[in-house]
Amino acid sequence: IEALSANPYELEALALLGRVLLEQGRLGDAETAFARVIRFDPEHLGALFHIGEAWARDRRFAEAVEAWDRIIQLDAASPLAAQARIRARSARDLEHILSARAE
């Protein structure tokens, strides 16, 4: 928090704040933090990964999959891309199951 007070554009501190907010279940606030990071660094893998997680928890599966697919496009060999593949597959499955139930 001190880093953000001194420099509100400290992206790593903002990404860390987003993770803390996500862990606290404050999805909207976490999304806001990650979106700000992504606005200034559209290729920030951590922010993309965690905003995807926030969206998935909020059942916004299509948006989550887009964020995770972006990670895979940016750096397919990264450890986050491996996790993104798994989560995107799960989100697609959940979206399908929930849409089938609604019918």
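## Histidine 44

The side chain of histidine 44 comes within 2.9 Å of the backbone nitrogen of alanine 47, a polar contact, meaning a pair of N or O atoms within 3.5 Å in which, within protein, one must be able to donate a hydrogen and the other to accept it, and residues adjacent in sequence count only if both atoms are side-chain atoms. The model is predicted: local features need pLDDT of at least 70 and side-chain atom pairs count only at pLDDT 80 or more, while totals for chains, interfaces and linings use all residues. Residues are numbered from 1 along each chain as its sequence is written, and side-chain values use heavy atoms, with hydrogens and water left out.

Histidine 44 sits in the loop between α3 (27–40) and α4; helices here are DSSP runs (H or I, at least four residues), numbered from the N terminus. With a relative accessible area of 10%, histidine 44 is buried (buried means under 20%, exposed over 50% and partly exposed in between, with a 1.4 Å probe and protein chains only). Leaving aside residues up to four places away in sequence, histidine 44 touches Glu12, Ala15 and Val37, where contact means heavy atoms within 4.5 Å.

## Packing of α3 and α4

Two packed helices are described by the angle between their axes and the distance between the axes. The axes of α3 and α4 cross at roughly 150° and come within 9 Å; axes are lines fitted to C-alpha atoms, for helices over the stretch in contact, and angles run from 0 to 180 degrees between N-to-C directions. This makes α3 roughly antiparallel to α4, a label for angles over 145 degrees.

On the α3 side, the contact is made by Leu27, Glu31, Phe34, Ala35, Val37 and Ile38, and on the α4 side by Ala47, Leu48, His50, Ile51, Ala54, Trp55 and Arg57. These residues divide into 10 nonpolar, 1 polar and 2 charged (Ala, Val, Leu, Ile, Met, Phe, Trp, Tyr, Cys and Pro count as nonpolar, Asp, Glu, Lys and Arg as charged, and the others, Gly among them, as polar).

## Packing of α4 and α5

Helix α4 (residues 45–57) packs against α5 at an angle of about 160°, with the axes 7 Å apart. As a result, α4 is roughly antiparallel to α5. Residues making the contact include Leu45, Phe49 and Gly52 of α4 and Phe61, Glu63 and Trp68 of α5. The residues of this contact comprise 12 nonpolar, 1 polar and 3 charged.

Glutamate 63 belongs to helix α5 (residues 61–74). At 31% relative accessibility, glutamate 63 is partly exposed. Its side chain makes a polar contact with the side chain of arginine 60 at 2.8 Å.

## The loops on either side of α5

Arginine 59 lies in the loop between α4 and α5. Most residues other than glycine have a negative phi. Arginine 59, although not a glycine, has a positive phi of about 60°. Its relative accessibility of 59% places arginine 59 among exposed residues.

Serine 78 occupies the loop between α5 and α6 (79–102). Serine 78 counts as buried, at 9% relative accessibility. A polar atom of the serine 78 side chain lies 3.0 Å from the backbone oxygen of aspartate 75. Not counting residues up to four places away in sequence, serine 78 touches Leu45 and Ile71.

Definitions and conventions
Helix = DSSP H or I, 4+ residues; strand = E, 2+ residues; numbered from the N terminus. Parallel < 35°, antiparallel > 145°, perpendicular 65-115°, else oblique.
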